Each structure stands twice: as structure tokens, then as C-alpha cells.
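Dear colleague,

Please find the structure below, together with its sequence. My notes on what was found in it follow.

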Amino acid sequence: MMMPTERPGLADLKPRPGLPLVRGKRAECPETGTDAELEGFSGRVLCCALCDQAVTRPEARCRVDGKHMHVFCNPHGVVFEVGCFSLATGLTPEGERYSEFSWFPGHEWQIMLCARCGEHLGWRFTARSGGGFYGLLPGKLREQDGE
């Protein structure tokens with residue numbers, strides 16, 4: 001069993017086959033924007049809890065299949081609570097984009113790491129038709145005053 005302080009291997013971060021819990025509805029997120037659009041928000045910012053890298057703003061929360069928060073389990077039995085966001089910055093993609101076993105049918109997924117410290121912060125979900133959203137791990141983000 002993985003201890004909470006251990007960093008899972010990248011294989012542990014992949015969605016679980018056979019459990020696409022979001023079915024049949026389109027994402028209610030605007031098209032994913034740019035870093036400049038994220039900077040246009042005022043107030044609070046959500047940062048990496050380990051290194052304070054700015055990632056997104058509370059205003060960028062969006063709904064997929066009618067809700068912002070989702071819970072998924074990967075093949076290793078690790079449960080992830082995922083919040084959906086239309087915009088994010090300060091992230092680095094890890095590995096390839098995959099269409100297999102996506103938690104959000106019609107979307108490819110890619111692991112996203114903090115650009116500063118390398119912590120796994122979630123996934124980028126890209127619609128095959130373009131656009132997409134970020135599924136971020138709220139337990140790895142911390143809200144603080146923006147600049």
C-alpha cells in the first residue's frame with residue numbers, strides 16, 4: 001500500500017481501464033485559453049501546495065457532465081478527486097497523450113506536472129474535436145492571494 005507521502009510512479013497516475021464515469025455529456029468549459037487570459041483574473045490564485053507555483057484561479061472552475069468535482073480510481077486502486085478547470089498555467093506535460101481508458105470519453109488525456117517542482121498536479125483532457133480542460137487534484141493545490 002502506498003503511503004500518502006510517497007510519490008506514485010507515472011504508471012500509477014494513468015486512469016483505470018473500464019471506468020469512464022463521465023458519459024454522454026459535453027464539457028461545460030469554455031475552450032481552453034492562454035496564460036495571458038489566466039493573468040486577466042483578479043483576486044485569489046490556486047498554487048502548487050509544495051512550491052507555490054501559480055497554476056489556476058478559482059474563476060477558471062468549470063463543469064464537465066454537470067459538475068466541477070469528480071472521483072476516479074486508477075488500475076492500482078488509487079482514488080483521485082479531480083476538479084475541472086478551463087485554464088491552467090505553470091504546468092509541464094509528461095509523456096504522451098492517450099485516448100485509451102479516458103475518464104472523459106471523447107477526450108485524450110496527458111499527465112501534467114508542476115513546472116517548478118515536478119509534482120503531479122493532474123491531467124490535461126483534450127477533445128478530439130479541439131479544446132479541452134484540466135482535471136486538477138485539489139489536494140495538491142493551495143489557494144492564496146494573487147499578485
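Let me begin with strands S8 (residues 107-114) and S9 (residues 120-127), which run antiparallel and are joined by seven bridges; strands here are DSSP runs of E with at least two residues, numbered from the N terminus, and two strands count as paired if DSSP finds at least two bridges between them. Within this pair, glutamate 108 stands opposite threonine 126 of S9.

Before going further, please keep in mind that this is a predicted model, in which local features need pLDDT of at least 70 and side-chain atom pairs count only at pLDDT 80 or more, while totals for chains, interfaces and linings use all residues. Residues are numbered from 1 along each chain as its sequence is written, and side-chain values use heavy atoms, with hydrogens and water left out.

Turning to charged pairs, the structure holds five salt bridges, each defined as a side-chain nitrogen of Lys or Arg within 4 Å of a carboxyl oxygen of Asp or Glu. One of them joins the side chains of glutamate 143 and arginine 44 (3.3 Å, N to O); glutamate 143 belongs to strand S11 (residues 141-145) and arginine 44 to strand S2, so this pair ties together parts that are 99 residues apart in sequence. Arginine 44 also meets aspartate 145 in a salt bridge, at 2.4 Å from N to O, and since aspartate 145 lies in S11 as well, that pair connects parts 101 residues apart in sequence. A further salt bridge links arginine 142 and aspartate 52, with the closest N and O atoms 1.7 Å apart; arginine 142 lies in S11 and aspartate 52 in the loop between S2 and S3, so parts 90 residues apart in sequence are tied together. Salt bridges with shared partners join Arg44, Glu143 and Asp145 into one network.

With a relative accessible area of 36%, aspartate 52 is partly exposed, where buried means under 20%, exposed over 50% and partly exposed in between (1.4 Å probe, protein chains only).

Glutamine 53 is found in the loop between strand S2 (44-48) and strand S3 (54-56), and at 16% relative accessible area glutamine 53 is buried. Its side chain makes a polar contact with the side chain of arginine 116 (3.4 Å), meaning a pair of N or O atoms within 3.5 Å, one able to donate a hydrogen and the other to accept it, where residues adjacent in sequence count only if both atoms are side-chain atoms.

Finally, the structure holds zero disulfides, a disulfide being a pair of cysteine sulfur atoms within 2.5 Å. Cysteine 48 is in no disulfide, and the nearest cysteine sulfur, that of cysteine 117, is 3.7 Å away. Cysteine 48 is buried, with a relative accessible area of 0%.

With kind regards

Definitions and conventions:
Helices (H or I, at least four residues) and strands (E, at least two) are DSSP runs, numbered from the N terminus.
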